[in-house]
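Open the model in your viewer and keep the selection panel at hand. We will go from stop to stop.

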Amino acid sequence: MFKKLIRAQSPYFFISLFLYLISCVLMPFQNYGMRGYVALLFGWLGALGFLNIFFAWLANVLYIIGFFIKHGKIKIILSVLTVFFSLFGLFISEIPENTSTIPVIVGAGTYMWIAAFTTMLIGSVMNYQK
């Protein structure tokens, strides 16, 4: 089954996955020493009061679901929603730490992360037009 899934994907899938993995090792914020994979693991905690963090984190869930969807229209809709939710990441100006918040500046990891989702959207549209 996994081999079928890989064969069915376009080159955009692999480019997107590569960009996503790079974003996981880059820092999503310039002035805060956290890697992207840490943000991936703990972003769901934004639901406890930092909704822009939580909505941005939801993009990861939609992105993963999008890999397993084969239907063109649904895949495009999921990709659009993924890009939409990832844009919330650009508006993160502070993150919680202990009992306070720390102001942050969006960094290269966030931009690479959004580029991965945008690449998946482009690939979904290109595959649908074939």
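Start with the largest nonpolar core of this predicted model. The core holds 25 residues. Select Tyr20, Phe29, Tyr63, Ile92, Ile95, Trp113 and Phe117, which have the most contacts inside it. Now colour the elements that give two or more residues to this core: α2 (11-25), α4 (51-68), α5 (72-86) and α6 (108-129).

Next, centre on Ile95. Which residues is isoleucine 95 in contact with, leaving aside neighbours within four places in sequence? Show Phe29, Tyr32, Met34 and Ile53.

Now look for empty space. Rolling a probe the size of a water molecule over the atoms shows where such space is left. The structure holds 1 cavity of 30 Å³ or more. The volume of the largest cavity is about 40 Å³. To find its lining, select Leu62, Tyr63, Gly66, Leu78, Ser79, Thr82, Phe117, Met120 and Leu121. Here α4, α5 and α6 each give two or more residues. Colour the lining by type: 6 residues are nonpolar, 3 are polar and none is charged.

Last stop: Asn98. Go to the loop between β1 (94-97) and β2 (100-103), where asparagine 98 is found. Is this residue buried or exposed? Asparagine 98 is exposed, at 78% relative accessible area. Check its backbone too: phi is near 55 degrees, a positive value in a residue other than glycine. Most residues other than glycine have a negative phi.

Terms used. Residues numbered from 1 in each chain as written. Predicted model: local features only at pLDDT ≥ 70, side-chain atom pairs only at ≥ 80, totals over all residues. Heavy atoms only, no water. Core = buried A, V, L, I, M, F, W, Y, C linked by side-chain atoms within 4.5 Å. Buried < 20%, exposed > 50% of the residue type's maximum accessible area, 1.4 Å probe, protein only. Helix = DSSP H or I, 4+ residues; strand = E, 2+ residues; numbered from the N terminus. Contact = heavy atoms within 4.5 Å. 1 Å grid on protein atoms, 1.4 Å probe; cavity = no way out; pocket = protein on both sides within 12 Å on 5 of 7 lines; lining within 4 Å. Points joined across faces, edges and corners; volume = space filled by probe spheres on them. Nonpolar A, V, L, I, M, F, W, Y, C, P; charged D, E, K, R; others polar.
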